[in-house]
Amino acid sequence: MFAGSTREHSFNRRLAHNAATMARAAGAQVTLLELSTLDIPLYNADLEAKGTPPDVIRLKEIMDAHPAWIICSPEYNGSYTGLLKNTIDWASSPAKSHPLWINGIKPFEGKVVGLLSASNGALGGLRSLEHLNPLLLNLQCWVCPKQFALSRAGDAFDEQGMLKSEAHRNSTQAVVDQVLWAAPRLS
């Protein structure tokens with residue numbers, strides 16, 4: 001599970017924490033990946049030609065080790081963030097000097113992916129999910145049809161970062177449940 005934001009008080013990081021708690025309560029083993037802990041530069045083919053950065057290899061390993069993910073995508077200018085795009089670009093880039101990662105699609109192929117978004121806007125980041133869907137499908141992921149975009153996110157969390165509304169918890173849980181249902185069947 002990860003959010004396409006590194007902002008300290010990110011709504012999407014909070015939503016990822018909520019989803020992780022729900023998945024653990026359902027018996028899933030969860031890795032909550034904080035992208036800020038990885039040293040991943042801006043994608044550059046010249047830099048890649050000099051060798052894939054070690055944290056990109058680590059990212060590929062983490063992504064590949066899990067049959068399913070949940071991505072919490074912020075919305076910037078009607079689409080997903082540059083951070084999220086950069087993360088996906090590096091993770092899908094072939095590591096030419098590494099025999100396991102020569103196939104760029106390997107960390108993505110057949111993965112079940114649930115999508116969540118949170119935004120202060122009325123659409124809750126829905127447009128970011130609409131753009132993220134075809135990108136993940138192109139990388140051969142199985143994108144779950146249930147998705148949730150949390151609108152007015154500034155008022156949605158309590159002081160501990162938990163969702164206040166039962167309806168929001170239920171919508172998030174529905175995505176978590178679908179990912180947990182699909183992962184063993186499709187992987």
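So, burial: 49% of the 187 residues in this protein are buried, meaning under 20% relative accessible area with a 1.4 Å probe, protein chains only. Bear in mind this is a predicted model, where local features need pLDDT of at least 70, side-chain atom pairs count only at pLDDT 80 or more, and totals for chains, interfaces and linings use all residues. Residues are numbered from 1 along each chain as its sequence is written, and side-chain values use heavy atoms, with hydrogens and water left out.

Okay, the fold. We've got 6 helices and 4 strands, and from the N terminus they go β-α-α-α-β-α-β-α-β-α. Those are DSSP runs: helices are H or I with at least four residues, strands E with at least two, numbered from the N terminus. The C-alpha trace spans about 50 × 35 × 25 Å along its principal axes.

Now the largest pocket. Here a pocket is an open set of points on a 1 Å grid over the protein atoms alone, where a 1.4 Å probe fits, with protein on both sides within 12 Å along at least five of seven lines; lining residues have an atom within 4 Å of a point. Twenty, written 20, is the lining count, and Gln29, Val30, His66, Ala68 and Trp69 lie nearest the centre. Elements giving two or more residues are α3 (54-65), β2 (68-72) and α6 (166-186). Which one gives the most? That's α6, with 5 residues.

Note on methods
Buried < 20%, exposed > 50% of the residue type's maximum accessible area, 1.4 Å probe, protein only.
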